[in-house]
Amino acid sequence: MSRTSYHPSRRDVLKFLGAAGITSAFGGVMPRAFAANKLVVGVIYVGPKDDYGYSQAQAQAAAAMKKIPGVTVLEQEKVPETIDVQKTMASMIRQDDASLIFPTSFGYFDPHTIKMAKKYPDMRFAHCGGLWTADKHPKNSGSYFGYIDECQYLNGVVAGHATKSKKLGFIAAKPIPQVLRNINAFTLGAQSVNPGITTQVIFTGDWMMPVKEVEATNSMIDQGIDVVTMHVDSPKVIVETCERRGIYVCGYHADQSALAPNGYLTGAEWNWVTPYTDHVMAAMEGKPMINFLRGGLKEGFVKASPYGKGASSAARKQADTVKSKMLKDTFVIFKGPIKDNTGKTVIAAGTEQKQQDVVLEQMDYLVAGVIGKV
Amino acid sequence: MDGTTLGWWGVPIAILAGAIRVGTPFLFVSLGECLTEKSGRINLGLEGILVMGAMVGYAVSYLSGNPWLGVLAAGCAGLALGALHGMLCSLPRVNDIAVGIGLMLFGTGFVFFLGKPFVQPQAPTLPALHLGSWSTSPQIESALQINALFLVGVALAFAMHWAFRSTRWGLVVRMVGDSADAARAMGYTVNRVRVLATAAGGFLAGVGGSYLSLYYPGSWNEGLSSGQGLMALALVIFARWRPLHCFLAALLFGGASAIGPALQSVGISSGYYLFNAAPYVLTLGIMIATCSPRRSLTSAPGELSVTR
């Protein structure tokens with residue numbers, strides 16, 4: 001055995017490990033501290049990002065963010081609304097240095113996003129759809145959402161002109177406030193054409209239940225419903241079924257006109273590029289977190305699909321008139337008196353609940369003319 | 001109400017139509033599993049095979065423009081996965097249930113990876129046979145729009161029923177499943193029969209998957225199957241390994257899936273979560289009902305690892 005061979009003492013090893021630890025700690029902190037013009041953005045989807053639906057609309061905005069110089073976008077699809085989303089956020093933050101996260105599904109907010117925002121106070125969490133309140137939720141979290149009920153109201157106007165049976169159908173996932181708001185806006189839009197129109201609602205129970213959604217569409221058509229719209233994550237199969245059975249359909253989330261060349265009337269689409277850009281710019285310029293970001297047609301958060309063949313000229317004219325009022329901010333969808341479908345007055349005569357009114361984000365009723373129960 | 005509506009009559013019609021439309025994949029998967037289990041193995045990987053069949057069927061139909069080619073390709077993909085399961089289980093001391101679970105997880109994950117580019121495009125779907133054109137009611141007409149695959153499945157149920165009783169092949173499969181020792185004594189290679197039975201079962205499950213993506217609901221999506229392959233497993237036990245009972249059970253499960261939406265469409269909306277859960281509740285109920293300690297699983301193949 002050679003006496004010159006070097007045997008590291010325990011102290012040497014500890015010294016070495018300590019030094020390595022400090023370096024890596026700095027390694028972790030330094031880039032974040034100096035990289036003001038670089039930003040890693042994490043986007044989390046509940047479904048596949050190319051499904052003609054909710055996640056696709058978000059992914060289109062994420063794709064637009066990739067074009068901003070200095071921005072890197074990480075994406076993860078099919079993350080369930082469980083503890084899994086916390087793990088996804090943690091790995092985006094710790095492994096990939098993401099400092100702005102877009103958890104895009106409704107169920108990600110409470111408790112998952114809130115918990116993570118408390119755990120990582122230096123990161124920004126921009127959640128889609130949650131109702132952020134200053135006294136309850138961390139300052140580094142926030143929510144963005146669009147007043148898509150404006151487009152659903154326009155859907156309703158066009159559907160009201162197109163229907164012959166005066167019976168419309170609405171396939172919804174869960175009775176949460178945003179869904180109910182869409183159902184109500186759609187119905188009010190249709191009733192502005194003919195007050196006798198009813199909307200049948202079917203809840204499927206979850207955001208993505210293709211077989212149940214098609215089954216619901218078929219039983220609605222069997223009941224004589226001749227225009228269907230929806231609030232589920234992937235409207236593709238519903239739109240295709242309506243087209244196959246020869247009835248009209250109004251789209252949701254993204255433009256599905258390619259799927260139903262004959263029956264597609266119009267649709268309510270997201271334009272998430274606007275809020276995404278606001279959040280990314282705020283993060284890059286070091287401005288405070290935008291906690292509450294909302295907008296409708298006027299702000300460019302949502303848009304209506306181009307009219308399809310089935311939309312009559314009278315329908316187009318009325319919808320365009322309403323749309324121009326919405327763009328000027330002079331149109332109020334939820335204007336009293338409005339009764340719910342149990343006969344109770346929910347908005348008193350003379351009361352106007354404008355889009356920005358957060359009361360609307362706690363909606364828990366269906367307006368008169370909607371057949372269904374919350 | 002005007003003349004075009006059915007009102008309450010819509011419910012039984014919707015359940016009947018749903019039984020046929022939703023039940024067809026159950027029928028194929030359960031017939032395939034019936035064959036596999038008759039040979040003495042359980043293939044728990046059917047969920048993975050079903051999803052694989054759905055994706056391959058859709059992809060081939062989209063790329064070739066011929067949906068029937070898609071059905072065939074889906075069957076072949078199922079055949080390959082079934083054969084994989086069969087051959088892995090032929091190795092000494094390999095547990096078929098563990099392999100099945102592995103195959104299910106691998107199958108679904110692998111399919112989602114491969115199927116990504118096919119979520120968006122629209123593939124040509126299978127045509128329907130219009131058996132209801134005699135009726136003036138559009139609802140009955142649409143309820144009787146039946147896919148040829150359903151009729152194939154029904155014919156297959158009868159054919160398998162006959163084959164298990166009166167053909168040499170059928171008896172060989174049953175013997176291998178009931179007593180491997182007897183089969184060996186008769187000079188049959190137990191593993192070969194089982195591999196073939198599992199592969200054929202995989203073929204049927206693959207075809208069942210292609211029905212999902214090419215006919216009803218008729219679109220490839222990652223949430224397409226929602227556990228139907230697993231429910232078909234319960235269905236085989238419920239049907240006591242009898243092909244004709246598989247057919248009835250598939251209709252029952254299909255009908256149960258249609259109850260929720262059908263009742264909501266006539267305005268019964270309370271408890272829709274429960275109605276939507278009807279097929280799963282039915283599965284549980286059946287499991288409890290059929291597992292009485294005295295008359296348990298009377299016609300179960302003797303070599304099945306769960307009953308042995």
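How many salt bridges are counted between chain B and chain A? The count is two. This is a predicted model. Chain B and chain A bury about 3500 Å² between them. Chain A holds an open sheet of six strands with parallel pairing. Chain A also holds an open sheet of seven strands, and there the pairing is mixed.

**Interface between chain B and chain A**

- The contact draws 43 residues from chain B and 41 residues from chain A.
- Of the buried area of about 3500 Å², 50% falls on carbon and sulfur atoms.
- On the chain B side, Gln120(B), Pro217(B) and Ser265(B) lose the most area to chain A. Together these residues account for 16% of what that side buries.
- One salt bridge joins the side chains of Arg21(B) and Glu215(A), at 2.9 Å from N to O.
- Between chain B and chain A, 12 residue pairs are in polar contact, with both residues at pLDDT 80 or more.
- Four helices of chain B each supply at least two residues of the side that touches chain A: H1 (10-38), H5 (138-143), H11 (243-265) and H12 (272-276).
- H11(B) gives the most to that side, with six residues.
- The residues on the chain B side divide into 19 nonpolar, 21 polar and three charged.

**Six-stranded sheet of chain A**

- The strand order is S2-S1-S3-S4-S5-S11.
- S2 and S11 (292-295) of chain A are the edge strands, and each pairs on one side only.
- Neighbouring strands of this sheet are turned by 20° against each other on average, with direction ignored.
- Strand S1 (residues 39-44) of chain A runs parallel to S2(A), and six bridges join them.
- Val43(A) has Glu75(A) as its bridge partner in S2(A).
- H3(A) lies across S1, S2, S3 (100-103) and S4 (124-128) of chain A. H3(A) runs at about 165° to S1(A).
- Helix H4 (residues 109-119) of chain A packs on the sheet as well, touching S3, S4 and S5 (141-146) of chain A. The direction of H4 makes about 165° with that of S4(A).

**Seven-stranded sheet of chain A**

- The strands follow the order S12-S10-S9-S8-S6-S7-S17.
- The edge strands of chain A here are S12 (302-304) and S17 (370-371), each pairing on one side only.
- Strand S6 (residues 167-172) and strand S8 (residues 227-231) of chain A run parallel, joined by five bridges.
- Ala172(A) has His231(A) as its bridge partner in S8(A).
- Helix H8 (residues 236-244) of chain A packs on the sheet and touches S6, S8 and S9 (248-253) of chain A. The direction of helix H8 makes about 175° with that of S8(A).

**Salt bridges over all chains**

- Side chains of opposite charge can pair when their charged atoms come close.
- The count over all chains comes to 14 salt bridges.
- Among them, the side chains of Arg181(A) and Asp149(A) meet at 2.9 Å, N to O.
- Arg181(A) lies in helix H6 (residues 177-191) of chain A and Asp149(A) in helix H5 (residues 149-162) of chain A, so this pair ties together parts 32 residues apart in sequence.

**Backbone details**

- The peptide bond from Gly336(A) to Pro337(A) is cis, with omega near 0°.
- Pro337(A) sits in the loop between strand S13 (334-335) and strand S14 (338-339) of chain A.
- Tyr216(B) and Pro217(B) are also joined by a cis peptide bond, with omega about 0°.
- Pro217(B) lies in the loop between helix H9 (190-214) and helix H10 (228-238) of chain B. Pro217(B) is also one of the residues that lose the most area to chain A.
- Lys78(A) is not a glycine, yet has a positive phi of about 55°.
- Lys78(A) is found in the loop between strand S2 (71-76) and helix H3 (83-96) of chain A.

Terms used. Residues are numbered from 1 along each chain as its sequence is written. Chains are lettered from A and ligands numbered from 1 in the order in which they are written. This is a predicted model: local features need pLDDT of at least 70, side-chain atom pairs count only at pLDDT 80 or more; totals for chains, interfaces and linings use all residues. Side-chain values use heavy atoms; hydrogens and water are left out. Two strands pair if DSSP finds at least two bridges between them. Contact means heavy atoms within 4.5 Å. Axes are lines fitted to C-alpha atoms, for helices over the stretch in contact, and angles run from 0 to 180 degrees between N-to-C directions. Buried area is the accessible area (1.4 Å probe) that two parts lose on being put together, summed over both. A salt bridge is a side-chain nitrogen of Lys or Arg within 4 Å of a carboxyl oxygen of Asp or Glu. A polar contact is a pair of N or O atoms within 3.5 Å; within protein, one must be able to donate a hydrogen and the other to accept it, and residues adjacent in sequence count only if both atoms are side-chain atoms. Ala, Val, Leu, Ile, Met, Phe, Trp, Tyr, Cys and Pro count as nonpolar, Asp, Glu, Lys and Arg as charged, and the others, Gly among them, as polar.
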